[in-house]
Amino acid sequence: MTASATPCFATEGLTKRFPRVTALDDLTVAAGTGVTGLVGANGAGKSTLIKILLGLLPPTSGRASVLGLDTATQGLEIRRAVGYMPEHDCLPPDISATEFVVHMAQMSGLPRTAARERAADTLRHVGLDEERYRPMGGYSTGMRQRVKLAQALVHDPRLVFLDEPTNGLDPQGRDDMLALIRRVGTEFGIDVLVTSHLLGELERVCDHVIVIDGGRLLRSSAIREFTRAEQTIAVEVEEGQRRLAERLAALGETVAAQGRLLTVQVSADDPGRTHDAVRDAVCDLGLSLLRLEQRRGRIEDVFKEPVA
Amino acid sequence: MTEPTAVIHDIGYRHYDGVRLGRGRATLALGVQSLRGVFGFGRTTRAKIMPLLLMAIMLMPTVVSIGVMALAKQFIMPYPGYAVFMQAVIAVFLAAQSPYLVAPDLRFRVLPLYLSRPLTVTDYVVAKLAALAVALFGLLAVPITIQFVGELLVDLPGPPHTADYLGALGGAVLYAVLLSSVGIALASFTPRRGLGVAVVIAFYMFTAAVSTLFYAVLSSTGRDDVAPWALILNPFFLVDTVQSALFGTAPINDEGYPPGIAACLILLAVIALAVTGVLLRYRKAAS
Ligand SMILES: Nc1ncnc2c1ncn2[C@@H]1O[C@H](COP(=O)(O)OP(=O)(O)OP(=O)(O)O)[C@@H](O)[C@H]1O
Ligand SMILES: [Mg+2]
């Protein structure tokens with residue numbers, strides 16, 4: 001991995017305590033280039049981490065850096081180089097998307113003419129057409145999310161923080177937004193940190209995923225290892241669960257029983273082998289199959305993992 | 001549904017490698033945009049009505065005064081008293097425009113977008129204060145400047161009131177700084193614009209009423225020594241006192257004001273308090 005060369009961001013023992021809760025708890029993590037997903041349930045500390053990375057919130061202890069810049073002392077330089085899309089609504093209703101994005105470009109230091117050009121380009125790239133001249137108060141959630149993304153990209157940052165960009169979108173809108181994020185990371189060449197509480201949706205667009213829970217790091221790995229490791233096959237047979245488990249174990253598969261269900265870890269190096277082994281074992285033992293399904297890594301599984 | 005944007009998507013992404021201006025220029029841009037907005041430029045027609053109407057009302061005494069100078073050769077409207085004379089109009093302008101400058105950014109949570117850029121809380125506050133101060137200065141300086149030009153053109157007997165005019169311009173700066181900081185301080189405490197308008201206008205009416213009342217009570221009970229102090233509870237009389245102390249203009253109130261040095265200190269203290277309040281409020285909003 002190139003992560004060690006120019007980490008997009010890195011934290012070291014980062015802790016943030018609010019009067020009542022500890023939002024981040026001794027978090028040490030780093031992300032390389034490309035699209036990085038930050039996954040966690042509500043209150044996991046995702047937004048808090050982003051605010052610290054922007055240099056807007058001082059951590060209780062620990063350190064963080066973004067693009068090699070220290071968040072504690074170089075906040076201004078960081079904010080010059082990054083873009084931020086907040087999780088909440090942030091659009092004044094009575095002005096148009098064009099005016100708004102031009103203004104935000106100027107606030108990032110672009111001269112007025114350049115700001116106009118960049119705003120028009122960026123709004124086109126996020127897929128906002130004629131509607132961009134209308135006041136934003138009448139926009140759909142999908143359009144609003146696009147404008148929020150556009151204002152984060154308008155000054156051509158090196159890195160963008162997208163806080164729950166798929167929030168409130170319908171399945172189609174979600175897919176469009178995820179595709180757009182993928183394009184930002186690949187075609188636009190802008191590194192992305194995107195948060196979500198669904199691992200499932202992020203694994204489609206991310207190169208790397210970080211999972212946090214209760215402010216603690218659960219896992220940080222390249223998406224490939226992630227889905228591989230998390231991929232399991234669930235098998236349910238009418239009788240002979242024990243025999244099947246023994247046979248599979250003898251073949252070198254990792255098997256666990258969950259009630260009437262057998263879960264078989266898909267081999268990371270040779271996924272085909274596991275599938276074949278399950279099929280062959282069921283046939284050879286003459287068992288009647290009730291259920292056979294492929295399971296993708298889901299956030300719940302990740303949460304279970306340290307226990308298992 | 002058709003996807004009209006699909007074609008446009010084919011235009012590849014271009015990186016921006018032009019100039020990136022510093023914080024100062026971004027602050028300036030925010031200030032200019034805010035100032036334009038105060039007078040309704042770049043806003044809806046409805047938003048333009050109020051500031052332009054008030055500006056027109058501010059010009060009415062100027063028009064009358066120039067008319068009287070031209071026709072009757074009489075000077076009726078001294079420059080230094082213009083602001084006190086028009087204080088209700090100025091207060092309405094302040095009440096209508098201070099919340100416009102700060103409330104929407106709080107209400108619609110635009111502030112985090114500013115602060116995630118190389119702009120600090122202080123830059124933001126400075127831009128907003130400066131925009132309102134410049135607007136108020138314009139509101140006061142334009143009418144008296146037009147009147148002064150009129151006076152020079154009409155060429156009344158005797159020398160023109162140049163010193164008075166310049167003193168009033170100096171006073172306009174004081175009014176602008178005091179009123180903008182108080183207006184922004186009051187308006188920034190609520191994200192609701194209507195409430196902000198009400199709070200600012202209530203503040204003006206309260207200080208004006210209390211000032212008049214205390215002054216009347218104190219003078220009628222023979223406490224002439226403290227009565228002038230009651231007067232400067234009204235921010236307009238406070239500035240008038242400072243204006244006459246600093247620029248030697250004639251005070252509006254014949255009975256006299258408290259010592260100029262005290263008024264200067266009070267003026268500074270009020271401005272400092274208001275600006276500190278705004279900064280603290282925004283520091284809190286930012287975290
Ligand atoms: N300013 C604050 N003051 C007090 N507590 C806070 C503050 N900001 C966040 N918290 C708390 O810190 C914890 C983490 O919050 P955070 O917003 O970072 O979570 P999140 O992962 O973004 O959650 P969500 O998915 O709901 O957006 C929560 O328990 C939250 O209540
Ligand atoms: Mg959040």
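The model is predicted, so to speak of local features a pLDDT of at least 70 is needed, side-chain atom pairs count only at pLDDT 80 or more, and totals for chains, interfaces and linings use all residues. Residues are numbered from 1 along each chain as its sequence is written, chains are lettered from A in the order in which they are written, and side-chain values use heavy atoms, without hydrogens and water.

Let's start with chain A, which splits into domain 1 (9–227) and domain 2 (231–304), with bounds from an automatic or database domain assignment. Their C-alpha centres lie 39 Å apart.

Next come the nonpolar cores, sets of buried Ala, Val, Leu, Ile, Met, Phe, Trp, Tyr and Cys residues joined through side-chain atoms within 4.5 Å, where buried means under 20% relative accessible area with a 1.4 Å probe, protein chains only. The largest has 128 residues, and A:Phe100, A:Val147, B:Ile90, B:Leu136 and B:Tyr282 touch the most other members. Helix H7 (residues 121–154) of chain B, a DSSP run of H or I with at least four residues, gives the most to this core, with 14 residues. Apart from it lies another core of 28 residues, including A:Ile52 and A:Leu159.

How values were computed. Buried means under 20% relative accessible area, exposed over 50%, partly exposed in between (1.4 Å probe, protein chains only). Helices (H or I, at least four residues) and strands (E, at least two) are DSSP runs, numbered from the N terminus.
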